[in-house]
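Okay, thanks for coming, everyone.

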Protein chains: 2
Amino acid sequence: MDLETYLRKTATEVNTLLDQYYGNPGTELSKASNHLLFAGGKRLRPALFKLAADTIRSGSSAGILPAGLALEVTHNFTLIHDDIMDGDATRRGKPTVHTLWGEPAAILAGDVLFARSFCLVADAIAPDAAKVEASALLAKTCVEICEGQQLDMTFETRQDVSRDEYLDMVTKKTGVLYGAAAAMGALLAGATRPQIDALYIYGCSIGAAFQIQDDIIDLMAPPEQSGKDQASDIREGKQTIIAITAREKGVDLSPYRRKLEPVEIKELIGLLQEKEVISEVQATADNMVRDAINGLSVLRECPERQLLSDLAYFFVQRGY
Amino acid sequence: MDLETYLRKTATEVNTLLDQYYGNPGTELSKASNHLLFAGGKRLRPALFKLAADTIRSGSSAGILPAGLALEVTHNFTLIHDDIMDGDATRRGKPTVHTLWGEPAAILAGDVLFARSFCLVADAIAPDAAKVEASALLAKTCVEICEGQQLDMTFETRQDVSRDEYLDMVTKKTGVLYGAAAAMGALLAGATRPQIDALYIYGCSIGAAFQIQDDIIDLMAPPEQSGKDQASDIREGKQTIIAITAREKGVDLSPYRRKLEPVEIKELIGLLQEKEVISEVQATADNMVRDAINGLSVLRECPERQLLSDLAYFFVQRGY
């Protein structure tokens with residue numbers, strides 16, 4: 001099965017399970033909690049969870065899928081709270097939860113999803129010791145995600161963020177939940193410690209690479225392709241890895257901190273290509289992915305391990 | 001040991017453990033998370049957790065105390081988020097987290113405490129099966145607390161809240177976390193299902209009774225005793241059990257929905273006493289506590305069980 005087919009199949013499975021669990025929202029608060037969760041999404045974290053489990057032991061993901069769902073539910077909890085903090089009005093093409101229900105209910109809606117995640121881990125059919133460890137890993141991961149979001153907000157007030165600080169931030173904000181997805185799938189499937197560790201590092205790395213690719217896409221993808229504002233990060237003076245690499249190479253981006261015409265964006269991209277900023281950033285992401293894949297060598301060779309490789313490449317090769 | 005001594009001793013133990021876990025906050029976000037947690041509080045939930053555990057098996061609370069701390073940490077998480085929603089500027093005599101760090105960081109600070117709670121449950125020295133169940137119970141409880149807070153906010157826009165709706169709200173907002181405290185202590189100590197159930201119901205009941213007593217205190221306690229504004233609930237037209245009982249008995253409180261002079265508050269109390277509103281509300285709380293204590297008869301007789309009785313009476317006999 002190719003990756004695209006696998007992801008589509010998993011998304012359907014995840015949506016079916018979501019519907020079984022939360023398809024009948026009783027209260028208005030349940031509706032608010034469900035809003036974003038039922039608004040689509042690629043369901044990449046449950047897919048990674050499944051691949052990790054099935055790489056350890058073929059077919060093992062079936063009984064533990066609720067714990068895979070926990071990762072999607074946790075992800076949506078963080079999005080609801082992030083949207084409040086960032087004051088974002090839309091997500092996945094729909095009004096955000098706080099736009100529809102107000103901030104107090106949106107805070108609670110996120111809290112409810114957070115709580116549901118731990119109920120879901122408990123629902124997995126797996127040894128209790130593994131469930132305790134999975135639950136603790138998910139909790140520790142959530143603390144790190146919060147730290148990542150806090151760092152991201154702090155960076156908005158700074159112009160001197162270093163490469164290491166940036167990598168720490170994206171690893172916490174995006175990487176660790178992918179790391180937890182892979183590690184939880186593995187440990188609930190009965191993996192050994194080296195296998196769990198390899199998958200955790202793999203997940204953290206491809207998640208961070210995903211975020212770097214996001215920064216590249218913001219600059220490079222034409223709005224008609226991405227549906228987003230092109231080069232908005234540069235316009236806002238955001239401390240992305242592109243801005244940091246440009247600074248390291250003595251490229252002054254301050255003339256571009258304003259509304260840019262398409263021809264100016266082209267000129268900016270030309271400048272960043274000439275100074276090898278973009279190629280270096282791309283190489284950073286590519287190297288992370290390559291190292292992540294190499295780390296999988298402790299796992300048995302099987303179709304799922306191949307799909308883990310494909311998934312890693314997909315994270316840095318998507319154009320938008 | 002009398003209850004007062006026991007509670008003081010437990011508070012010291014809890015504060016020591018808090019300090020061991022979180023005494024060295026690394027990040028600014030950790031400081032925000034710690035702020036309220038280290039600002040005091042009676043630590044009633046860990047005390048209840050300990051009493052439940054030790055009633056099941058003498059001395060069993062020692063190894064599982066981190067899970068007892070989880071209840072205090074969860075309680076503080078809900079307070080931080082509630083204070084944002086309610087726009088409250090002070091709590092425990094100190095500025096609230098969002099007043100000091102802003103709302104985005106306060107949302108995250110609450111989320112961090114929520115996550116820490118599940119790490120703490122995993123840290124208890126107990127059978128894994130019991131830890132999985134305790135974790136799931138805590139998660140389910142958090143969903144209900146959110147529903148309780150949402151109901152409480154909804155009630156502010158209504159004047160026709162029924163007695164049953166009120167009792168459902170206070171049970172969710174306050175009762176279930178006491179229920180979880182008692183049940184988690186018991187189940188981690190190896191209790192039987194009937195013992196766990198009895199302690200859960202006991203906790204829910206005394207927690208709800210605590211909230212009813214709060215309503216009585218708001219009306220009755222002179223500000224020099226309580227440190228709070230007397231009769232503020234009536235002034236704000238809040239749907240407390242006093243307002244609901246008054247409505248049931250045909251007492252019109254609308255003339256009192258304004259700033260009241262001390263003499264008017266005295267007149268109001270006189271009216272509510274004459275119409276037997278206060279005595280009926282007090283009887284509701286007293287009956288809940290009596291039933292809760294009767295339910296403990298499935299437990300062995302021991303000093304801790306006596307303290308559980310005393311704690312229940314303390315909840316409805318405190319004057320402020």
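Let's start with one serine. Once you ignore its neighbours within four places in sequence, B:Ser30 is in contact with B:Pro25 and B:Arg116. B:Ser30 sits in helix α2 of chain B, which covers residues 28–37. So is it buried or exposed? Its relative accessibility is 14%, and since buried means under 20%, B:Ser30 counts as buried. And before I go on, keep in mind that this is a predicted model.

Now compare an aspartate in helix α1 of chain B, residues 3–22: that's B:Asp19. Its relative accessible area is 46%, so B:Asp19 is partly exposed. In sequence B:Asp19 and B:Phe38 are 19 residues apart, and in space their C-alphas are 8.5 Å apart.

Next, a phenylalanine. B:Phe49 belongs to helix α3 of chain B, residues 44–56, and with a relative accessible area of 0% it is buried. What does B:Phe49 touch, leaving aside neighbours within four places in sequence? Its contacts include B:Ile64, B:Leu65 and B:Leu71, and also B:Ala181, B:Met184 and B:Leu188.

On to the nonpolar core. In general, nonpolar side chains tend to be buried together in soluble globular proteins. Here the largest nonpolar core has 232 residues, and the ones touching the most other members are A:Leu199, A:Tyr202, A:Leu272, B:Leu199, B:Tyr202 and B:Leu272. Take B:Leu199: not counting residues up to four places away in sequence, it touches, among others, B:Ala52, B:Ile56, B:Leu296, B:Leu299 and B:Leu308.

Finally, how do the two chains go together? Chain A superposes on chain B through a rotation of 180° with 0.0 Å of shift along the axis, at an RMSD of 0.0 Å. The two copies are thus related as by a two-fold rotation axis. And 100% of chain A's interface residues are also interface residues in chain B, so the copies meet through the same surface.

You can look at helix α7, residues 128–155, in each chain: the two axes come within 8 Å and cross at roughly 45°. The two α7 helices are therefore oblique to each other, and their crossing is left-handed.

Technical notes:
Residues numbered from 1 in each chain as written. Chains lettered and ligands numbered in written order. Predicted model: local features only at pLDDT ≥ 70, side-chain atom pairs only at ≥ 80, totals over all residues. Heavy atoms only, no water. Least-squares fit on C-alpha atoms with pLDDT ≥ 70 in both. Contact = heavy atoms within 4.5 Å. Helix = DSSP H or I, 4+ residues; strand = E, 2+ residues; numbered from the N terminus. Buried < 20%, exposed > 50% of the residue type's maximum accessible area, 1.4 Å probe, protein only. Core = buried A, V, L, I, M, F, W, Y, C linked by side-chain atoms within 4.5 Å. Axes fitted to C-alpha atoms, helices over the stretch in contact; angles between N-to-C directions. Parallel < 35°, antiparallel > 145°, perpendicular 65-115°, else oblique. Left-handed = near helix turned anticlockwise from the far one by under 90°.
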